[in-house]
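These are my notebook entries on one structure, set down in the order in which I looked things up. The sequence and the coordinates come next.

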Amino acid sequence: MNFASKQTARRSSQPTCLPWPREIVDRTGWLAFAESLAKGERELLSLWGEGSSVHMAVLEQREPRLRIVSLECPDGAFPSVARLHIPASRLERAICDLYGLKSVGAPDHRPWLDHGRWGIRQPCGARKEIDSTCDPYEFLPVEGEPFHQIPVGPVHAGIIEPGHFRFSANGETVIRLEERLGFVHKGIDRLTSGASIERAAQIAARVSGDSTVAYSLAFAQAVEAAFDVNVPPRAAYLRALMAELERLANHFGDVGAICNDAAFALMHAQCGLVRERILREAATCFGHRLMMDRIAPGGVVVDLEREKVSGLYTLIDWIELMTPRLIALFGDTTSLQDRTVGTGVVSEALAKQYACGGYVGRASGRAFDARKAIGYAPYPQLAFEIGASKECDVDARVWVRFDEIRASLQIVRQILDAAPEGPIIAAWTLPEDWTREGAALVEGFRGEIFVWLRIRADGVIQRCHMRDPSWFQWPLLEAAIKDNIVADFPLCNKSFNCSYSGHDL
Amino acid sequence: MQKFMLQGLLRRALTEQAPAPDATSMAELGYTLGRTARQKLGRSLSIREVDAGSCNGCELEIHALNNAYYDLERFGMRFVASPRHADVLLVTGPVTKNMREALERTYAATPDPKWVIAVGDCAFDGGVFCESYACVGAVASVVPVDLHIRGCPPDPTTLLKGLIAFVENME
């Protein structure tokens, strides 16, 4: 958008959001969007609150691929989207918990992130002090044949994040799994509101540690969109390099961990070596194993020194040698296949309805990838193929990961071959004229991360919304485990590897 | 699979030499551990990891301690599935208010003698989340902490140094 059109947009009553417009709609317009979601004409990307308004981001079938609509709700209530389109339910419950905005007609009014332990209600809205130390929580009823319940968590047996799972099982067979999350809610919405760009970037990098590069990238892209900052080409390549290293490390970690949950420790040990070598190379090249805080609005803060490139070539040569061996080890071990094939099925219809991203969506026929669909730099210049499957089970989610590993290796090689020389960060200053809005959609290893933010002219963030892909994957895990045996839950759960921290915010 | 097995037999072990114990950790530990601990536990330690609100970064690096390069078990330390089996709680995160009770109950479920190691900058003082309405802050404000291992997240070598210092001080 050029300067003149920005001026026009500012003069009209509609806000200026870049690169995708944000439109203010009335209740009818809001409901029309909700209905189109229900009909499958659009896909829900996110739903979030701010003061006394609610915003909704959707994916369109055509250009522009992304639209944001807002509804003012001065009476503190808005028509429920979940009433028509159930994937919105947990997002609406979170809005109610944090902002105190009520979703009228919603199918589920139970609190979600608020466990009654903060000492206040509606921390991001009209704050109310409370005395209670803990709210009771009613799990959904299970009726019918004799069954028993198994409560698991929040502290789990492994070295993983906390969350509560309530299984209702008939013998070994799970009738219903109900998740209760929110245990790692850190109040990130409030922390980022009123923060400087630097501080908000630090927090964004710590929304979900395994996706720190992807979150930093999404946050930086949103700021850059808002201020129309052009990132130097070398920085775009280095960002993609870090993002792909992060993706590789996580996928190897996941493949190993999934096999470990099927008691196949050999694969875990081998994948662990690959992961470790990637992280060590990342530390050598960028000074941090997880590459935390290496991406800043405008570019990157660490350059890749010329003499370190050979180390990266050696690394991907070795991974390219190891990957077919690991694939053979996975594919040829029938006792492992026996556990993964046909386990934890997510139907294509559900994946589509929930607009589920990442390997969970891809394994169930929804091949969305922000690197292709949005095509942010430098991905349009790179050739790679995205994996897809319609097998829908744990096995498919492993194979899709192998596909992604192959794609990432291709990408890393192309980046090393073609990364241009030049500056790594754009010099930019705050325009000090008016409040800006920006949005970004970035493909993390788990799926697409959406960030929308509004920044005041003095560089203070008014509101920063970060939506983890897990929001639309967690509910599908409940569907995946149904009719499977309890003992297969760790396997299903690991094949999803949803983020608790990214979801709980 | 045979190929991997054969390789495992023929190749030199990948496991690296243990790092020297961390000097600052040694100082912090000097007075917290008594001779009795060494007598009771030998060099064997069972560790229960508790995520009290971390971003998962610390967990990733704690996980790495189990890979062949670091091989934590050679020091007699292993991760266990229940606090009932644990000598040490390894706690991460800025202790979210939603996790506070779970942490307290995990601590209460751990048999004596027990120790707590707080891992990461968040566990030290709340880190970037310290001002939040949803976080308590330092782990030490909820359960008594014997050792802090700083870092965001601390890398596996730093974790090893801290843990080795911990065990050595049990003498």
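**Entry 1. The contact of the two chains.** I looked up which residues touch across the chains and found 37 residues from chain B and 41 residues from chain A. I count two residues as in contact if their C-beta atoms, placed from the backbone, lie within 7 Å. In chain B, strand S1 (45-51), helix H4 (57-64) and helix H5 (97-109) each supply at least two residues of the side that touches chain A. H4(B) gives the most to that side, with six residues. I then sorted the residues of this side of chain B into 22 nonpolar, nine polar and six charged. For this sorting, Ala, Val, Leu, Ile, Met, Phe, Trp, Tyr, Cys and Pro count as nonpolar, Asp, Glu, Lys and Arg as charged, and the others, Gly among them, as polar.

I note the conventions here. The model is predicted, with local features needing pLDDT of at least 70 and side-chain atom pairs counting only at pLDDT 80 or more, while totals for chains, interfaces and linings use all residues. Residues are numbered from 1 along each chain as its sequence is written, and chains are lettered from A and ligands numbered from 1 in the order in which they are written.

**Entry 2. Chain A as a whole.** I found 17 helices and 17 strands in chain A. Helices (H or I, at least four residues) and strands (E, at least two) are DSSP runs, numbered from the N terminus. The C-alpha atoms of chain A fill a box of roughly 65 × 65 × 45 Å along the principal axes. Of the 505 residues of chain A, 54% count as buried. A residue is buried if 20 or more other C-beta atoms lie within 10 Å of its own, exposed if 12 or fewer, and partly exposed in between, with C-beta atoms placed from the backbone. Of the contacts in chain A with a separation of 6 or more, 67% come from residues 24 or more positions apart.

**Entry 3. Strand S16 of chain A.** Is strand S16 (residues 448-455) of chain A enclosed or open? Eight of its eight residues are buried, so S16(A) is largely enclosed by the rest of the structure. A:Glu448, A:Phe450, A:Trp452 and A:Arg454 point one way, A:Ile449, A:Val451, A:Leu453 and A:Ile455 the other way, and all are buried. In a regular strand, side chains alternate between the two faces of the sheet.

I next looked up the partners of S16(A); two strands pair if DSSP finds at least two bridges between them. Strand S15 (residues 436-443) of chain A runs antiparallel to S16(A) and is joined to it by eight bridges. One pair of bridge partners is A:Leu441 and A:Phe450. The hairpin of S15(A) and S16(A) has four residues between the strands, and A:Gly447 takes a positive phi near 150°. Six bridges join S16(A) to strand S17 (residues 461-467) of chain A, again antiparallel. Here A:Leu453 stands opposite A:Cys464. The hairpin of S16(A) and S17(A) has five residues between the strands, and A:Gly459 in the turn has a positive phi of about 85°.

**Entry 4. Helices H7 and H16 of chain A.** The axes of H7 (residues 233-261) and H16 (residues 489-496) of chain A come within 8 Å and cross at roughly 175°. That makes H7(A) roughly antiparallel to H16(A). Axes are lines fitted to C-alpha atoms, for helices over the stretch in contact, and angles run from 0 to 180 degrees between N-to-C directions. Angles under 35 degrees count as roughly parallel, over 145 as roughly antiparallel, 65 to 115 as roughly perpendicular and the rest as oblique. A:Ala257, A:Ile258 and A:Asp261 in H7(A) meet A:Pro490, A:Leu491, A:Lys494 and A:Ser495 in H16(A). The residues of this contact divide into four nonpolar, one polar and two charged. A:Pro490 is partly exposed, with 18 other C-beta atoms within 10 Å.

**Entry 5. A:Val58.** I found A:Val58 in strand S4 (residues 53-59) of chain A. A:Val58 counts as buried, with 21 C-beta neighbours inside 10 Å. Leaving out residues up to four places away in sequence, A:Val58 touches several residues, including A:Phe33, A:Leu37 and A:Arg67.
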